[in-house]
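I opened this notebook to keep track of what I looked up, entry by entry, for someone who has not seen the structure before.

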Amino acid sequence: MNVVDVARLQSKSKELRRDLIFDHICSELLQADLINQEDYQIIRVQSTESKKIDILIEILPTKGPETLDKFIGILERNYQWLAESLRNSDPQNISDNENENKCQNLEK
């Protein structure tokens with residue numbers, strides 16, 4: 001996954017943690033090789049859904065250049081609003097928002 005795709009994924013982490021249920025997509029993630037059995041076990045044992053999604057968000061960037069497109073394809077089946085949100089996230093705005101946040105942190 002390239003830097004822009006990682007930024008897009010991370011920019012939507014709050015929405016993903018709020019709305020996504022790992023058990024609803026885990027078999028599709030396994031079939032698409034976006035996670036392996038070891039990843040599945042690490043995620044599955046997490047105590048909350050948001051922790052499961054946090055771990056998933058950490059793992060996905062390590063899975064190759066087509067990962068975000070595959071992930072969006074999986075989300076389209078049952079989580080269309082999340083798929084659209086990820087697909088339509090503007091990498092330029094992400095960079096601008098990150099720079100704004102860095103500037104705000106420096107001002108504090």
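**Entry 1: a salt-bridge network**

I began with Glu84, which counts as partly exposed because its relative accessibility is 38%, where partly exposed is the range between buried (under 20% relative accessible area) and exposed (over 50%), taken with a 1.4 Å probe and protein chains only. I noted that this is a predicted model, in which local features need pLDDT of at least 70, side-chain atom pairs count only at pLDDT 80 or more, and totals for chains, interfaces and linings use all residues. Residues are numbered from 1 along each chain as its sequence is written, and side-chain values use heavy atoms, with hydrogens and water left out.

I then looked for the partner of Glu84 and found a salt bridge with Arg87, whose closest N and O atoms are 2.6 Å apart; the term requires a side-chain nitrogen of Lys or Arg within 4 Å of a carboxyl oxygen of Asp or Glu. Arg87 and Glu84 both lie in helix H7, 3 residues apart, or about one turn of the helix. Arg87 is also partly exposed, at 32% relative accessibility, and Glu76 joins Glu84 and Arg87 in a network of salt bridges.

**Entry 2: other salt bridges**

A search of the whole structure gave me 8 salt bridges. In one of them Glu15 pairs with Lys12, the closest N and O atoms being 3.5 Å apart, and Lys12 counts as buried at 18% relative accessibility. In another, Asp19 pairs with Arg18 at 3.0 Å between the closest N and O atoms, and Arg18 is exposed, with a relative accessible area of 57%.

**Entry 3: the overall fold**

I counted 8 helices and 0 strands in the protein, both read as DSSP runs numbered from the N terminus (helices H or I, at least four residues; strands E, at least two). Of the 108 residues, 38% count as buried.

**Entry 4: the core**

Which residues have the most contacts inside the largest nonpolar core? I found Leu9, Leu16, Leu20, Leu29, Phe71 and Leu75 in a core of 28 residues, a core being a set of buried Ala, Val, Leu, Ile, Met, Phe, Trp, Tyr and Cys residues joined through side-chain atoms within 4.5 Å. The elements giving two or more residues to this core are H1, H3, H4, H5, helix H6 (67-78) and helix H7 (80-88). In soluble globular proteins, nonpolar side chains tend to be buried together.

Ile53, in helix H5 (residues 49-59), is buried because its relative accessibility is 1%. Leaving aside neighbours within four places in sequence, Ile53 is in contact with Leu16, Arg17, Leu20 and Phe22. Ile53 and Phe22 are 31 residues apart in sequence, yet 6.7 Å apart in space, C-alpha to C-alpha.

**Entry 5: the two faces of H4**

In helix H4 (residues 37-44) I found Asp39, Tyr40 and Ile43 buried. They lie on the same side of H4 because they cover an arc of only 100° around the axis, the arc being that of the directions from the helix axis to the C-beta atoms. The buried residues of H4 pack against helix H3 (22-31) and H5, whereas the face turned away from the buried side carries the exposed residues Gln37 and Glu38.

Conventions: Contact means heavy atoms within 4.5 Å.
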